[in-house]
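Please go through the contacts that one chain makes with its neighbours in this model. The account below takes one interface and then the other.

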Protein chains: 4
Amino acid sequence: MRMRRTDLALEARELWQERTGAVTALPGVEARDTTWEGIPVNTVKVLDRRGEEALGKPRGSYVTLTLEGLAGREEDIFQRAVRAVAGELTKLLQGLPPGGLVLVAGLGNRAITPDAIGPKVHENTLVTRHLVRQMPEHFGDLRPVASLAAEVMGTTGVESSELVRAVCEKLQPVCVVAVDALASRSLKRLCRTVQLADTGITPGSGVGNHRMGLTRDTLGVPVIAVGVPTVVEAATLAADLLCTDDLPDLNEGRELLVTPKDIDSQVRDLAKVIGYGLSMALQPGISLKELELLLS
Amino acid sequence: MRMRRTDLALEARELWQERTGAVTALPGVEARDTTWEGIPVNTVKVLDRRGEEALGKPRGSYVTLTLEGLAGREEDIFQRAVRAVAGELTKLLQGLPPGGLVLVAGLGNRAITPDAIGPKVHENTLVTRHLVRQMPEHFGDLRPVASLAAEVMGTTGVESSELVRAVCEKLQPVCVVAVDALASRSLKRLCRTVQLADTGITPGSGVGNHRMGLTRDTLGVPVIAVGVPTVVEAATLAADLLCTDDLPDLNEGRELLVTPKDIDSQVRDLAKVIGYGLSMALQPGISLKELELLLS
Amino acid sequence: MRMRRTDLALEARELWQERTGAVTALPGVEARDTTWEGIPVNTVKVLDRRGEEALGKPRGSYVTLTLEGLAGREEDIFQRAVRAVAGELTKLLQGLPPGGLVLVAGLGNRAITPDAIGPKVHENTLVTRHLVRQMPEHFGDLRPVASLAAEVMGTTGVESSELVRAVCEKLQPVCVVAVDALASRSLKRLCRTVQLADTGITPGSGVGNHRMGLTRDTLGVPVIAVGVPTVVEAATLAADLLCTDDLPDLNEGRELLVTPKDIDSQVRDLAKVIGYGLSMALQPGISLKELELLLS
Amino acid sequence: MRMRRTDLALEARELWQERTGAVTALPGVEARDTTWEGIPVNTVKVLDRRGEEALGKPRGSYVTLTLEGLAGREEDIFQRAVRAVAGELTKLLQGLPPGGLVLVAGLGNRAITPDAIGPKVHENTLVTRHLVRQMPEHFGDLRPVASLAAEVMGTTGVESSELVRAVCEKLQPVCVVAVDALASRSLKRLCRTVQLADTGITPGSGVGNHRMGLTRDTLGVPVIAVGVPTVVEAATLAADLLCTDDLPDLNEGRELLVTPKDIDSQVRDLAKVIGYGLSMALQPGISLKELELLLS
């Protein structure tokens with residue numbers, strides 16, 4: 001039996017509650033709901049082994065922002081969403097040595113729209129490493145940031161994680177931020193939530209099913225994972241509808257995904273929010289207005 | 001109650017059989033299965049009013065080709081698929097006045113991958129009207145063909161069918177071929193079948209839900225419809241799984257689609273098969289090899 | 001002998017001055033330099049036959065804005081440029097019947113970067129015709145605007161101007177705004193100027209060399225032309241360098257163009273300025289901030 | 001004074017002959033003209049220091065293929081061009097340890113059309129490393145090939161050559177093939193020639209002006225360079241027209257390029273020829289027909 005798949009800690013917790021019918025607190029797990037300029041933020045902390053086993057997620061902090069209004073036309077939702085992403089990322093990034101290089105890795109396949117969130121965040125991230133090195137007199141106040149889109153194995157012959165590892169060994173960053181599309185279990189979360197975690201990327205997660213993962217264990221430095229659920233696997237939807245834990249094979253093994261009709265524009269908008277938020281968190285000295293000029 | 005949606009006559013017939021439990025022939029409908037170079041071809045003919053009512057489709061011929069191997073790597077599947085599309089289209093197009101202009105209209109939204117089949121067929125169609133007019137001494141043997149991608153209302157402010165009608169009134173073609181993405185009911189037909197029909201495009205059909213339709217009644221000339229099912233609406237899938245005729249609202253009215261993971265490359269491949277097959281049917285004097293040079 | 005080619009009235013005037021060595025005013029032509037929020041604006045008015053003959057341009061007003069800073073990072077240059085384009089277009093559009101439909105036509109070839117300015121302005125124009133018709137109670141205050149990208153003959157078999165004419169006959173607009181890439185004579189104007197004219201598009205102009213033109217004579221309504229010089233023909237550059245009026249054949253008739261290295265991003269930025277400016281001019285009730293939300 | 005720029009050994013030799021008026025052989029340089037299935041092939045060998053000084057190119061073999069007919073519609077030109085590229089690359093690659101990994105690096109900026117040849121060759125290269133590793137029983141006969149598009153510094157913060165070096169250190173290939181767009185001096189060579197060299201990529205060459213180069217010295221393994229001239233710098237054209245060695249500043253330091261009008265489709269076609277030819281040279285057991293199925 002294949003398990004119903006979710007990459008979101010929030011959903012793993014819901015699934016646990018459904019399975020167990022539990023109403024009491026989950027042992028080894030702390031959860032908290034707050035808001036940031038009106039944007040709902042849920043934080044799940046997996047504290048110990050019991051929590052890891054209950055949720056099937058390694059210990060660490062998982063922060064989920066709900067960006068409901070982005071598709072709509074609320075006037076300042078883009079700016080608020082950017083600041084909320086920046087604010088929560090700032091907390092996860094705190095403690096980094098000042099002036100240390102941060103490497104952003106956009107994972108996923110540019111040619112498959114719901115898997116393109118990583119490469120598109122890469123395009124919306126302010127890179128500064130070359131400026132800091134070439135003109136320290138002008139750019140010495142910036143944190144050096146490098147960024148790459150690690151393409152998928154079918155187009156490179158190399159696992160994304162191998163590529164990222166190779167570049168890490170060469171550039172020696174103090175932290176890696178890995179951005180990826182996720183599978184969700186819930187239709188209503190599609191393209192509406194962003195999960196930030198200080199646990200890195202676990203093997204087997206992501207729309208492209210990364211085989212090796214990117215974690216502090218494999219890279220030697222902290223790895224912040226930024227994930228956006230852009231698909232529900234059709235088999236997961238079917239299992240939910242049929243109230244079963246067995247995943248039906250809907251179509252002879254062919255992979256079928258459920259996505260919003262306007263996935264192309266939603267991925268573009270979300271990548272911009274995340275790229276800008278990440279750039280703000282990495283460069284506290286630059287305002288959002290300046291970022292908009294630099295990245296447009 | 002919203003009905004489960006299918007744009008395929010083949011599926012409308014299956015739905016009728018399920019609903020009625022009928023095993024006998026459907027009155028007013030003829031169906032036949034053949035093959036073309038190994039490619040399965042199903043022909044449904046809606047003959048009269050009883051057939052129209054049973055299937056909810058106007059009378060005419062609906063030819064469905066099943067292109068199973070296209071995603072695979074069978075050596076000559078592309079060529080066989082092109083010839084099968086060309087062969088069946090030739091039958092539907094027969095009787096056109098020689099030398100009369102044919103207008104190809106690619107419907108749908110270029111920016112939404114599963115809806116882009118129409119614009120992409122337009123790009124893969126050999127246009128000749130300007131050549132025949134400017135250099136009749138060289139190109140007089142070709143049938144004049146014009147082609148356009150009729151964008152969607154949200155980007156033009158105009159219904160696709162109004163645009164096509166405007167161009168028809170100006171160019172006075174003897175026939176219109178309208179190409180569009182369809183909604184299917186069956187996951188296994190996604191991106192694997194092509195439906196050809198001599199009935200034109202019915203209002204309310206297509207991924208983009210055309211409001212007015214393109215038929216002989218509205219355009220004054222025969223309209224051949226070429227459709228490819230590229231999506232199953234998530235609500236249709238849910239109704240099928242739950243064995244109900246009621247369409248559940250899965251997500252507060254947001255449109256959710258089920259597509260194959262590799263929809264981008266599948267739409268590209270299918271558009272090439274259809275564009276080449278259509279061009280062969282319209283220009284019997286040009287070989288497939290020559291077409292490949294002219295269209296690449 | 002082929003003439004050195006320019007589509008800009010400003011340059012036609014310079015060429016006349018060079019040829020004649022004239023320092024006095026050109027008969028039948030008025031010229032004036034002003035600024036708009038710091039943006040230089042040159043207006044050339046061709047008043048009569050003498051002016052037409054001297055400049056080789058039909059009588060009318062030609063307004064050229066110089067957008068030097070756009071490529072740079074001046075903080076409010078985008079907003080100022082949009083308002084300047086909107087302000088000058090408002091003057092050219094004045095006198096249109098209120099509530100009358102305006103049709104925007106983006107000319108040129110999407111697949112050739114320096115010729116893609118028209119299709120890209122089309123993408124950045126707010127279309128409203130369908131909203132005004134479907135929900136007059138909500139959108140009745142807007143001017144109905146329709147927009148289309150008229151593809152080139154090689155991909156449609158139809159002249160762009162025929163397509164625009166067909167749509168005009170159907171939709172009966174009160175004015176057409178035609179947007180196109182232009183050939184310039186001057187390297188320093190490439191992607192840095194926008195020419196607005198109330199004369200329509202003359203046959204033989206534009207990067208794609210339109211054969212028939214779009215003017216009040218052919219369309220029956222006023223035609224505002226918006227043009228951006230994105231190329232200098234290599235032969236024109238050579239003739240200028242060699243101080244000759246003869247255009248050398250640099251490469252066996254193959255067309256060679258001089259463009260800025262960053263033509264892709266410049267065309268994208270300019271199309272946004274023009275699309276937003278045009279939308280502001282057409283909808284005086286909508287602020288730039290609202291437009292940014294509606295068009296992003 | 002800035003020198004007129006050419007990345008082609010063929011042109012460096014012509015420039016030397018012009019400068020010196022020499023009609024005799026160039027010391028330390030051997031040149032030879034042959035054909036391959038009708039395709040002209042020029043080979044320049046820089047033999048020693050005198051040759052290096054005369055041509056300003058490091059010693060090694062420079063093979064230039066002239067692909068005149070590619071833009072035209074000669075029936076088998078694509079196949080012949082692929083086989084010619086494959087044949088000449090096979091010679092340059094000979095002596096590699098069987099079964100040793102080859103790394104293909106597509107250099108240049110995807111977002112600037114004439115600089116996109118490297119990334120596009122990457123997309124047209126058959127990668128096999130993952131297949132050979134995961135299913136040696138099926139793919140053990142293939143040479144392992146990995147490929148990457150090394151983006152430019154402005155989008156990554158890292159020099160392309162640093163990225164390639166990092167990946168080399170990790171993957172330990174036996175050879176690197178680096179593909180790049182070149183600057184030419186001659187309009188007639190634009191998009192019509194391919195230069196293959198066993199010298200690697202020299203610092204300062206390429207449309208993007210690589211600062212560090214990729215050579216056996218820096219990577220520790222042989223580096224085959226594949227280059228296509230896609231631009232003439234406008235200043236080089238001007239100097240040639242004015243018969244001067246001084247490069248004029250045509251436009252206040254802004255970079256201006258001369259390209260064919262149809263550069264988008266030419267870059268696409270050339271990338272396909274090179275990717276297919278390279279894949280054939282690396283996998284002698286796979287036929288061109290099979291490659292077309294695998295790479296389409």
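Between chain B and chain C there are four salt bridges. One of these joins E162(C) to R129(B), with the closest N and O atoms 2.8 Å apart. The model is a predicted one, and the distances given here are those of its coordinates. Polar contacts between chain B and chain C number 12 residue pairs, counting pairs in which both residues have pLDDT 80 or more.

On the side of chain B that touches chain C, the elements giving two or more residues are α5 (129-134), β5 (145-150), α7 (153-156) and α8 (160-171) of chain B. Of these, α8(B) gives the most, with eight residues. Sorted by class, this side of chain B holds 11 nonpolar, eight polar and nine charged residues. In total, 28 residues of chain B are in contact with 28 residues of chain C. The two chains bury about 2100 Å² between them, and carbon and sulfur atoms give 51% of that area.

The other interface is that of chain B with chain A. Here too the contact takes 28 residues from chain B and 28 residues from chain A. The buried area is about 2500 Å², with 56% given by carbon and sulfur atoms. Within chain B, the residues that lose the most area to chain A are L241(B), R254(B) and K261(B), which together account for 30% of what that side buries.

K261(B) also takes part in a salt bridge, its side chain meeting that of E255(A) at 3.8 Å, N to O. The elements of chain B that give two or more residues to the side touching chain A are α10 (234-241), β9 (256-260) and α11 (263-282). The largest share, five residues, comes from β9(B). By class, the residues on this side of chain B divide into 16 nonpolar, five polar and seven charged.

The strand β9(B) has a partner across the interface. Strand β9 of chain A, residues 256-260, pairs with β9(B) in the antiparallel sense over five bridges. In this pairing L256(A) stands opposite P260(B).

As for confidence, the predictor gives the complex an ipTM of 0.90 and a pTM of 0.91. Chain A has a mean pLDDT of 89, and 92% of its residues reach 70 or more. Where pLDDT is low, predicted coordinates should not be read in detail.

Notes: Residues numbered from 1 in each chain as written. Chains lettered and ligands numbered in written order. Heavy atoms only, no water. Contact = heavy atoms within 4.5 Å. Buried area = accessible area lost by both parts, 1.4 Å probe. Helix = DSSP H or I, 4+ residues; strand = E, 2+ residues; numbered from the N terminus. Nonpolar A, V, L, I, M, F, W, Y, C, P; charged D, E, K, R; others polar. Pairing = 2+ DSSP bridges. pLDDT = per-residue confidence, 0-100. Polar contact = N/O pair within 3.5 Å; in protein donor to acceptor, adjacent residues only side chain to side chain.
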